[in-house]
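Please open the structure in your viewer, with the sequence panel beside it, and keep the selection tool ready.

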Amino acid sequence: MKKQFLKYTLTAALVAGCILPQTTMAQKGLGEIYGRPSYWNPYDQRGINRFETSKLPDSIPFEGPRVRFGAGFTQQFQNIKHSNTALNNGGNTPATAGANKLYPLTPGFMTAQANLFIDVQLADGIRLNVTNYMSSRHHNEFWVKGGYIQFDKLPFKGKFWNDLMEITTIKVGHMEVNYGDAHFRRPDAGHTLQSPFMEGNIADAFATEIGGEVYVQKNGLFGMFGMTNGMIKGHVDSTTPGMLGTEVVDPVTKRNPSFILKGGYDKTFAPRVRARISGSLYHNSSQNGSGLTLYSGDRAGSNYQNVMETWASGGAAKAYTAMYTSGRFNPGFSKKMTAMMLNAFGKYQGLEFFGTFETANGRSKTERDDRNMTQLAGELIYRFGKDENLYVGGRYNTVSARLNGYTENVKIDRTSLAAGWFVTKNVLMKAEYVMQNYNNFKNTDFRNGAKFNGYVIEAVVGF
């Protein structure tokens, strides 16, 4: 991994050097070329409780392209126990383990996770972002999460264009879709410094999709319209109808785009008093091929290692990288989906509240009827000390959903208690105690009567 990191870092540096005009390089020192872009959220403590980028005038004049490299590093220690009551969960070796036998756990360190951020100011009000995973739960090798280009100004002259872009932002690329506010507070592989807890929501609405988003912001009000391909990757292959036995369930093979709407109000009433409320809608009427991935689009992985995972596959222990969604729930809406999330955020001095109400319905291509899911989550955080460098907090999260073939809803609940210390704005030590319970799963499902509890400790760097 070190060789790959060096290789890609040097490559990125060479590319950055190539895009900078030679006259600029000759006239400026490295310190002037390397700097933060405009209309950008920091990756350190300053980025906490930031959501969409602001339209406030930026203080840095454009005097030529600027390049900034950032990173997020996370090292974890986990001590979690789990159990279930499902059938066929015996066996003491991978070769003899039943299909519902949980993966044996012991206290230990997880493989370190790392992200690399490349932000380039290409022109006045135009910036490029590329986010890379150098090491993650799912992939231990270097690979690209995604990237986009963001326009906060346009290279057109005239009062109309200037007035338009004072309130408008345009993003285009293969990027993290802006559905809901919860994805701004979740950890993302090695980038965990801005998340007060170890994990995001149980039903983790997070995906990178190909498309574009247009934002309008003025006087605290904001709105967004987005359209994407609905999948974490691009596809040009043909698709086939979904089948249930010999009967065609869904003959529609066309890939329809996903539409995303978001709007809300975000206002700071005093230096330490703020309120935000937002609503989001995600809709796709028909997807085929690999299917919709809003609730399974995270390719980095969970920060609960190997919890609620079965032990063996084909008589051998499952690979760590195959168990990267540990502790999460995917409702399986891969063919069609309509999801709605409402979020509320409030801050009074050091006390913060963040709430989520989410409802979704959809189905897979082998089902006749739509199913439903509801999720609730509430966080209460208290930040104190110099520059709010200490915090304590709690979160309660619950999911209720009907699975394919079930007549009643399954239910999952999670309680988390966390504390953290920002040694500097770039260095964080945090710990969490978590309890999670699974109810109403069939006794043939490994999640029947399942639960896990224990603690995780993280050392985090972000810059």
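Before the first selection, two terms are needed: strands (E, at least two residues) and helices (H or I, at least four residues) are DSSP runs, numbered from the N terminus. A residue is called buried under 20% relative accessible area, exposed over 50%, and partly exposed in between, for a 1.4 Å probe and protein chains only. The model is predicted, so local features need pLDDT of at least 70 and side-chain atom pairs count only at pLDDT 80 or more, while totals for chains, interfaces and linings use all residues. Residues are numbered from 1 along each chain as its sequence is written, and side-chain values use heavy atoms, with hydrogens and water left out.

**First stop: a run of paired strands**

Select β8 and colour its residues by face: which residues make up the covered face, and which the uncovered one? Phe-222, Met-224, Gly-226 and Thr-228 form the covered face, whereas Leu-221, Gly-223, Phe-225 and Met-227 form the uncovered face.

β7 and β8 run antiparallel and are joined by 8 bridges, and if you select Val-214 you will find it opposite Phe-225 in β8. The hairpin of these two strands has 2 residues between them, and here Asn-219 takes a positive phi near 55 degrees. β8 also pairs with β11, again in the antiparallel sense and over 8 bridges; in this pairing Met-227 stands opposite Phe-259 in β11.

Go back to β7 and select β6, which runs antiparallel to β7 and is joined to it by 9 bridges, with Lys-171 standing opposite Glu-213 in β7.

**Second stop: a residue in a loop**

Select Asp-204, which is found in the loop between β6 and β7. Is Asp-204 buried or exposed? Asp-204 has a relative accessible area of 7%, and therefore it is buried. Contact means heavy atoms within 4.5 Å, and, leaving aside neighbours within four places in sequence, Asp-204 is in contact with Arg-186, Leu-294, Tyr-295, Asp-298, Arg-328 and Phe-329.

In soluble globular proteins, nonpolar side chains tend to be buried together. A nonpolar core is a set of buried Ala, Val, Leu, Ile, Met, Phe, Trp, Tyr and Cys residues joined through side-chain atoms within 4.5 Å. The largest one here has 42 residues, and Tyr-179, Tyr-295, Phe-329 and Met-373 are those with the most contacts inside it. To see which elements give two or more residues to this core, select β15 (336-348), β16 (351-363), β18 (390-401), β19 (410-424), β20 (427-439) and β21 (451-462); the largest share, 4 residues, comes from β15.

Next, centre the view on Met-373, which, not counting residues up to four places away in sequence, touches several residues, including Tyr-295, Phe-329, Pro-331, Phe-333 and Val-399.

On a 1 Å grid over the protein atoms alone, a cavity is a set of points where a 1.4 Å probe fits but cannot get out, a pocket is an open set with protein on both sides within 12 Å along at least five of seven lines, and lining residues have an atom within 4 Å of a point. How many cavities of 30 Å³ or more does a search of the whole structure find? The search finds 5.

The largest cavity holds about 720 Å³ of space, and among its 36 lining residues Asn-41, Tyr-43, Tyr-148, Glu-176 and Phe-184 lie nearest its centre. β4 (126-135), β5 (143-151), β6 (168-176) and β7 (208-218) are the elements that give two or more residues to this lining.

Finally, turn to the largest pocket, with about 1300 Å³ of space, and select Arg-50, Ser-54, Leu-56, Thr-268 and Arg-274, the closest to its centre of the 41 residues that line it. β11 gives the most to this lining, with 4 residues.

Conventions
Points joined across faces, edges and corners; volume = space filled by probe spheres on them. Pairing = 2+ DSSP bridges.
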